[in-house]
Amino acid sequence: MRISLIIIAYSSIFLLLLSTSLFLYIIIKRIVFNYKELSFKRKYQRIEKDILDLITFLQQGLSIEIARRYQSQSKVLTQVLFDYIEQIEGQGKDQLKKVFDYALKVKCLKDIYSRRLVKRLRATHLFVVFSDPSETVHIMKLLNDKPLVRLVAVNALSRIRSSKAISYMFQAFDRDSNPNARTYINIMFGLGKKIEHFVRVYLKKALSLEKLGLLIELVGAVPLRSLYNDIVEFSDHPDKEIRTKVARALGNLHIPHSFEILARLSQDDAWIVRAQAVKSLGKLKDLRGLDILTDALFSPFWHIRFNAGFSLANLGLPGIKRLQAISKQKEDRYASDMANMVMDEIVYSEDLEWARL
């Protein structure tokens, strides 16, 4: 009994000491974290003030003085440059580049070749943004790195917006064996019509279906109307996904000449192509599409009926009259139901609009 009490006492003491130690560890860690955070904030504010003076007054030699002063605080200086480089143009940006060249360039060059992925990621964006034309070899190395590093480099290049930078970005896209389609679309879309020449060039290359589809999608998304003839060539492509993307892009380009192409695609063998074609016909708002869309509303495929119904509504009063006639016919209940649904949706939307007014 006495031994059991001793064991319980020692166990209680051990648990008390352990919990106290953990509690103290958490408190100390929190104090250290807060101290580091506060120290970083103070250093950031001090460096930020000097950087703002630099880009405001453009004093000769001040960039070198700032670089020397804060060379030992590379982490904070890097963050300040990150925050300001994309907001500054002209001579101010040149001054920031001088700070980078003197204080951080050597470290960045070392870090982009580091074995540690975190270091490479941290250095990639800053190095690419401040790189010189003579440093192409380093950029190409980053564009052949792991997918995450490659995307950071591509994203940084897109922010430079020069023809050379966009060229590198498309080279990376061409080499990428497994591109992240959504990321590339977001990056390239942000460049707008600056990508027009490069899209035209790469549409003529032997690309994978995924890459080809991405470029066709970009033509419609930006939109790049001058590339109409370039994407129309793919309207007979053997892959249904490519034909679908062509139909979608043509709808977004709003070019009247595309009616004939979309009318043909609305009779395609693949239902997914037909569904997109009738949707795009509605965007053209060409009354020549009335009969095509009317027939499509009787399709056995729900998506085709759905797109045809709303496309008819987009044609205004003539399309509404067709919907009313279809809603009253008894031969095809599914077509009648879809016509009624579309008209109910139109009425509901108009009621909401009136309510907002």
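This is a predicted model: local features need pLDDT of at least 70, side-chain atom pairs count only at pLDDT 80 or more; totals for chains, interfaces and linings use all residues.
Let me start with Gln276, which touches Thr244, Ala247, Arg248 and Asn307 once residues up to four places away in sequence are set aside, a contact here being heavy atoms within 4.5 Å. Gln276 sits in helix H16, residues 271–284, where helices are DSSP runs of H or I with at least four residues, strands are runs of E with at least two, and both are numbered from the N terminus. At 9% relative accessibility Gln276 counts as buried; the cut-offs are under 20% relative accessible area for buried, over 50% for exposed, and partly exposed in between, with a 1.4 Å probe and protein chains only. Gln276 and Pro318, in turn, are 42 residues apart in sequence and 21 Å apart in space, C-alpha to C-alpha.

Residues are numbered from 1 along each chain as its sequence is written, and side-chain values use heavy atoms, with hydrogens and water left out.

On the overall fold, the protein has 20 helices and zero strands. Its radius of gyration, taken over C-alpha atoms, is 31 Å, whereas a compact globule of 357 residues would have one near 21 Å, by a rule of 2.2 Å times the number of residues to the power 0.38. Along the principal axes, the C-alpha atoms fill a box of roughly 90 × 80 × 45 Å. Buried residues make up 45% of the 357, and of the contacts with a separation of 6 or more, 66% are between residues 24 or more positions apart.

Now to the salt bridges, each defined as a side-chain nitrogen of Lys or Arg within 4 Å of a carboxyl oxygen of Asp or Glu; by this rule the count comes to 17. One of them joins Arg243 to Asp268, with the closest N and O atoms 2.8 Å apart. Arg243 lies in helix H14 and Asp268 in the loop between helix H15 (259–265) and H16, so the pair ties together parts that are 25 residues apart in sequence. Are these two partners buried or exposed? Arg243 is buried at 11% relative accessibility, and Asp268 is buried as well, at 13%.

Another salt bridge pairs Lys205 with Asp174, the closest N and O atoms being 3.8 Å apart. Here Lys205 is in the loop between helix H11 (196–203) and helix H12 (209–221), and Asp174 is in helix H9 (residues 163–175), so the pair ties together parts 31 residues apart in sequence. Lys205 is partly exposed at 36% relative accessibility, and Asp174 is partly exposed at 30%.

The side chain of His237 reaches the backbone nitrogen of Asp239 at 3.0 Å.

Terms used: A polar contact is a pair of N or O atoms within 3.5 Å; within protein, one must be able to donate a hydrogen and the other to accept it, and residues adjacent in sequence count only if both atoms are side-chain atoms.
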